[in-house]
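Subject: Structure for you to look at

Hello,

I am passing on the structure we talked about, and I would be glad if you opened it beside this message. Below it I have set out what was found, taking one site after the other.

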Amino acid sequence: MSIRVSNVTKLYGEQKALNNVSFEVNSGEVIGFLGPNGAGKSTMMKIITGYIPQSEGEVEVCGIDVRTDSLEVRKKVGYLPEHNPLYTDMYVREYLLFVAGLHKAPKSRVDEMIVITGLTPEQHKKIGQLSKGYRQRVGLAQAMIHDPEVLILDEPTTGLDPNQLVDIRKLIREIGKEKTVMLSTHIMQEVEAVCDRVIIINKGVIAADQKTSEMQNASGTVILNIEFDAEVSLSGLKKIAGVRRVQHVEGGQYLIECSEAKDVRSDVFKFAVQQNRTILQSQQQKAKLEDIFRTLTGNAE
Ligand code: ADP
Ligand code: MG
């Protein structure tokens with residue numbers, strides 16, 4: 001077991017940022033920690049890395065208690081904080097040598113990290129001169145310099161352009177072959193692209209914890225994308241048996257979320273006739289993780 005979080009609660013003053021959170025991460029897993037802004041992702045990660053204490057509950061990393069033995073934990077954990085704070089006046093190589101020194105890692109690790117993270121052409125530049133994608137690589141290099149067993153990456157791809165995004169995700173997948181990785185994101189596709197398992201957190205509470213593939217298969221939800229020739233009654237649509245949620249896209253277009261067990265299409269057709277409307281288009285598909293995420297975090301109507 002790489003990470004064990006048991007009944008963790010975190011209070012900031014009156015506010016409960018985490019409420020009785022429990023989960024475990026096995027060694028070698030790549031976990032996506034997914035949730036909307038303010039869900040408590042960064043808070044959980046700061047607790048796991050020993051940067052802030054929890055208010056209640058236990059956290060162990062590689063069997064070590066983070067509260068009583070946070071220095072030992074830091075040897076086992078590499079951490080890329082949100083917003084990736086770096087010394088922008090330092091040169092890439094100089095900065096990595098500095099970090100290696102803090103961890104008492106051999107200088108040869110700096111060269112290895114520069115190669116692994118693809119920083120060779122940029123190693124003599126100042127960090128402040130690098131593009132965001134290359135700064136993220138420096139952040140990853142510093143997180144891995146002491147060869148930690150566990151990597152905690154807080155929104156490692158936020159703010160990257162589409163090409164950089166693909167590169168960094170590829171790099172994380174490579175790293176994930178050797179290490180336990182927990183990465184936070186609010187992008188569902190990222191989880192689909194990179195993670196074995198997803199833990200969804202919403203308002204400080206775990207809303208789901210499942211293998212990515214299982215979550216895709218077992219949601220039991222289908223989405224009916226339907227277009228009438230004009231707007232119809234939203235409440236009328238919601239009343240149809242088997243319909244879970246309805247989202248009005250625009251004009252006569254609606255996304256109807258329904259249970260896989262009950263085919264609603266014939267009832268939707270009857271409803272259209274009753275309302276004197278014509279169905280122009282209808283298409284049914286299995287719910288994507290994106291839809292499941294919206295359902296679990298309550299951003300659908
Ligand atoms: P996420 O990373 O998922 O966006 P955070 O863990 O940063 O969420 O924040 C969770 C909640 O805790 C938010 O409502 C945030 O405003 C609050 N919060 C985070 N850090 C602090 C702090 N240092 N003091 C007070 N409230 C905080
Ligand atoms: Mg955050």
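Around ligand 1, in what is a predicted model, you will find the residues Y12, Q15, A17, P36, N37, G38, A39, G40, K41, S42 and T43. Sorted by class, this shell is made up of four nonpolar, six polar and one charged residues. Strand 2 (15-25) and helix 1 (41-48) each contribute at least two residues to it, and helix 1, with three residues, gives the most.

Some of these neighbours can be followed down to single atoms. An oxygen atom of ligand 1 lies 2.9 Å from a backbone N or O atom of G40, and a polar side-chain atom of S42 is likewise placed 2.9 Å from an oxygen atom of the ligand. In the case of Y12, an N or O atom of the side chain is 3.4 Å from a nitrogen atom of ligand 1. Taken on its own, ligand 1 has 560 Å² of accessible area, and the protein covers 63% of that area.

Please look next at the largest pocket, which has a volume of about 640 Å³. Its lining consists of 21 residues, and those nearest the centre are Y51, V99, L102, H103 and Q142. Helix 2 (70-76), strand 6 (77-80), helix 3 (92-102) and helix 5 (132-144) each supply at least two lining residues, with the largest share, four residues, coming from helix 3. By class, the lining divides into 13 nonpolar, six polar and two charged residues.

Best wishes

Technical notes
Residues numbered from 1 in each chain as written. Chains lettered and ligands numbered in written order. Predicted model: local features only at pLDDT ≥ 70, side-chain atom pairs only at ≥ 80, totals over all residues. Heavy atoms only, no water. Near = heavy atom within 4 Å. Polar contact = N/O pair within 3.5 Å; in protein donor to acceptor, adjacent residues only side chain to side chain. Areas by Shrake-Rupley, 256 points an atom, 1.4 Å probe, with all protein chains shown as cover. Nonpolar A, V, L, I, M, F, W, Y, C, P; charged D, E, K, R; others polar. 1 Å grid on protein atoms, 1.4 Å probe; cavity = no way out; pocket = protein on both sides within 12 Å on 5 of 7 lines; lining within 4 Å. Points joined across faces, edges and corners; volume = space filled by probe spheres on them.
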